[in-house]
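I opened the model and kept notes as I went. The entries below follow the order of my look-ups.

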Amino acid sequence: MGLEVRRPPMEAWYMDDSAEDQRKPHHRDPPEYVSLDKLAELGILHWVLDADSYENDPELQKIRKERGYNYEDFIEVCPEKLPNYETKIKIFFEEHIHTDEEIRYCLDGSGYFDVRDPEDRWIRIWVQKGDMIVLPAGCYHRFTLDENNYLKVDMANCP
């Protein structure tokens, strides 16, 4: 059994329409939170894992086996570690869609995945160290760092 990670669950909320810095939370006034159940209805899966022992975490190994994730790649998104940082962070924040699911496991830092709901509203999902998130194929989304300006992520893939 994997180590139980104790921290608040992943948070998600409907975004405001502000053109302010994309790294800000962009809560509506008053904030409108989105439940994990609502995210699940949209096909978004989530686990909280022990990022400090990801190499030997039996829970992660179980998820990889059950879901057929057989490849991983790591990226550190921050000005000091990512070549062409400014260009890439703009590309990540452009709305896009994939024909396969997108699997991201946050090993350190934090950032936001924004997804569109069926009513065309943006939902901001705040991922932090230990969050593993799966966006379904066909889900319009984008990514940006939060104000901490750092994220290390495992980008798993399926066959």
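In which strand does Glu 102 lie? I found Glu 102 in strand S4. I take helices (H or I, at least four residues) and strands (E, at least two) as DSSP runs, numbered from the N terminus.

**Ground rules.** This is a predicted model, so I read local features only at pLDDT of at least 70 and side-chain atom pairs only at pLDDT 80 or more, while totals for chains, interfaces and linings use all residues. Residues are numbered from 1 along each chain as its sequence is written, and side-chain values use heavy atoms, with hydrogens and water left out.

**Confidence.** I checked pLDDT, the predictor's confidence in each residue, from 0 to 100. The protein averages 91, and 93% of the residues score at least 70. Helix H2 (residues 58–67) has the lowest confidence, at a mean of 91. Strand S5 (residues 122–128) has the highest, at 97.

**Annotated site.** I looked up the UniProt record. An unreviewed entry there places the feature "binding site" at His 96, His 98, Glu 102 and His 141. Its positions are given in the numbering used here, feature names are shortened, and annotations may be inferred rather than shown by experiment. The four span 46 residues in sequence, yet no two of their C-alpha atoms are more than 11.4 Å apart, so they gather at one spot. Of these residues, His 96, Glu 102 and His 141 are included in the lining of the largest pocket. For pockets I used a 1 Å grid over the protein atoms alone: an open set of points where a 1.4 Å probe fits, with protein on both sides within 12 Å along at least five of seven lines, and lining residues having an atom within 4 Å of a point.

Are Glu 102 and His 141 buried or exposed? Glu 102 is buried, at 8% relative accessibility. His 141, in strand S7, is buried too, at 2%. My cut-offs are under 20% relative accessible area for buried, over 50% for exposed, and partly exposed in between (1.4 Å probe, protein chains only).

I then listed contacts (heavy atoms within 4.5 Å). Leaving aside neighbours within four places in sequence, Glu 102 touches His 96 and His 141, among others. With the same exclusion, the contacts of His 141 include His 96, His 98, Glu 102 and Asp 114.

**Salt bridges.** I counted a side-chain nitrogen of Lys or Arg within 4 Å of a carboxyl oxygen of Asp or Glu. The structure holds 14. Arg 64 pairs with Asp 154, the closest N and O atoms being 2.8 Å apart. Arg 64 sits in helix H2 and Asp 154 in strand S8 (residues 151–154), so the pair ties together parts that are 90 residues apart in sequence. Both partners are buried.

Asp 114 meets Arg 142 at 2.9 Å, N to O. Asp 114 is in S4 and Arg 142 in S7, 28 residues apart. Asp 114 has a relative accessible area of 0%. Arg 142 has 13%.

Arg 116 and Asp 120 pair at 3.4 Å, N to O. Arg 116 is partly exposed, at 24%, and Asp 120 is exposed, at 52%. Glu 95 joins these two in a network of salt bridges.

**Cores.** I searched for sets of buried Ala, Val, Leu, Ile, Met, Phe, Trp, Tyr and Cys residues joined through side-chain atoms within 4.5 Å. The largest nonpolar core has 25 residues, and Leu 39, Ile 123, Ile 125 and Ile 133 have the most contacts inside it. A second, separate core of twelve residues includes Leu 49 and Leu 60.
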